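Trainee: I would like to learn how to read a protein model. Could we go through one together?

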Amino acid sequence: MPYTIYPHREHRIVRTRTGPYYISANSIDRKLRSDGLSLFNPFLVFFCEECSSRLSLNFNPGVLLETFLVMLTFDAPLLITGCIFPPLFIAWWAIALLALLGSLFLAWSGCMAYVKLFLSNFVPVDEYDALRTPTTELSLSPEGLKKRFLHESNVFTVQLSQQTFQLYLAKKTDSTLAFSVCGVDGEPKRFVTLLEQSGAKSLNLMFEGKSVGSASVKYVFRPECGEE
């Protein structure tokens, strides 16, 4: 479920005929290590290695692939029922099914390519799987940045005073991008201090090794005392 669009406050337990669906920690570990399509398994549980916050995939096009596979499974029997239905009916039915299958596969392929190229796709969630929006320390102007990379939950890299910081896009409007500085070892406070000392008026953003552009600094919010 795309939590940034449909946040909910109820536990969703998948039940089968024999009871709740369980997935072992070993199975989760194997899927995470295999990477690739295994990461889109809807039963995986993610946690941040650094701060231990629970994470979720924000956009999962896996349902399109599941629909494609289910229809593919039922497609073959329908195509061999010529002994019951007229051949012309079977031919048109087969064309319609194949067209639908092709559309589903193309849609899934397009979504996967979009996720790979333009989304970080991990968001922090609470114990009810509802989206958590972190506090923000930095506000930038979207002007001068490539819009195709400006999605809430994307993580950008910036260099400041020869130090590397990760910025999480927490909130986005037409005129403002609000970022949370990632880190649990004082990175937010250190970033704000360095930015104020440097007097930088703009920052160069990178997204997974790709340049996004240079953004003007609008506001800087110093973290509360004692806050990491």
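Mentor: We will take confidence, strands, aromatic pairs and cores in turn.

Trainee: What is the average pLDDT of the protein?

Mentor: This is a predicted model, and the pLDDT averages 81 over the protein. Of the residues, 80% score at least 70.

Trainee: Which elements have the lowest and the highest mean pLDDT?

Mentor: The lowest mean is 62, for strand β1 (residues 15–16), and the highest is 96, for strand β10 (residues 202–207). Residues 1–9 have a pLDDT below 50, yet this stretch has 22 contacts in the model beyond near neighbours in sequence.

Trainee: Now the strands. In what order do the three strands of the open sheet stand?

Mentor: Strands of a sheet pair through backbone hydrogen bonds, in either a parallel or an antiparallel way. Here the order is β3-β4-β5, and the pairing is antiparallel. Because β3 and β5 are at the edges and have a single partner strand each, one side of each has no neighbour in the sheet.

Trainee: How many bridges join β4 to β5?

Mentor: Three bridges do, while β3 and β4 (residues 54–57) pair over two. Phe 46 stands opposite Leu 55 in β4, and Leu 55 in turn stands opposite Pro 124 in β5. Phe 47 has Arg 54 of β4 as its bridge partner.

Trainee: What lies between β3 and β4 in the hairpin?

Mentor: Six residues lie between them, and Ser 52 in the turn has a positive phi of about 70°.

Trainee: On to the rings. How many aromatic pairs does a search of the whole structure find?

Mentor: The search finds nine aromatic pairs. In one of them, Phe 46 and Phe 122 have ring centres 5.2 Å apart and planes at 75°, so the pair is edge-to-face. For that label the planes must be over 60 degrees apart. Phe 46 belongs to strand β3 (residues 46–47) and Phe 122 to strand β5 (residues 122–124), so their pair ties together parts 76 residues apart in sequence.

Trainee: Is Phe 46 buried or exposed?

Mentor: Phe 46 counts as buried because its relative accessibility is 10%, and the limit for buried is under 20%. Phe 122, at 30%, counts as partly exposed.

Trainee: What kind of pair do Phe 118 and Phe 149 form?

Mentor: Theirs is edge-to-face, with 5.4 Å from centre to centre and 65° between the planes. Phe 118 is in helix α3 (residues 87–118) and Phe 149 is in the loop between β6 (138–140) and β7 (155–160), so this pair ties together parts 31 residues apart in sequence. Phe 118 is buried at 17% relative accessibility, and Phe 149 is buried at 3%. Ring pairs also link both residues into a cluster with Tyr 114, Phe 156, Phe 179 and Phe 207.

Trainee: Which residues of the largest nonpolar core touch the most other members?

Mentor: This core has 24 residues, and those with the most such neighbours are Leu 138, Phe 156, Phe 179, Phe 191, Leu 203, Leu 205 and Val 212. Several elements each supply at least two core residues, including β6, β7 and β10. The element that gives the most is α4, with four residues. Apart from this core lies another, of ten residues, among them Phe 40, Leu 44, Leu 57 and Leu 119.

Trainee: What is Val 212 in contact with, leaving aside its neighbours within four places in sequence?

Mentor: Its contacts include Phe 149, Phe 156, Leu 205 and Phe 207.

How values were computed. Residues are numbered from 1 along each chain as its sequence is written. This is a predicted model: local features need pLDDT of at least 70, side-chain atom pairs count only at pLDDT 80 or more; totals for chains, interfaces and linings use all residues. Side-chain values use heavy atoms; hydrogens and water are left out. Rings of Phe, Tyr and Trp (its six-membered ring) pair if their centres lie within 6.5 Å; planes under 30 degrees apart count as stacked, over 60 as edge-to-face and the rest as tilted. Buried means under 20% relative accessible area, exposed over 50%, partly exposed in between (1.4 Å probe, protein chains only). pLDDT is the predictor's confidence in each residue, from 0 to 100. Contact means heavy atoms within 4.5 Å. Two strands pair if DSSP finds at least two bridges between them. A nonpolar core is a set of buried Ala, Val, Leu, Ile, Met, Phe, Trp, Tyr and Cys residues joined through side-chain atoms within 4.5 Å.
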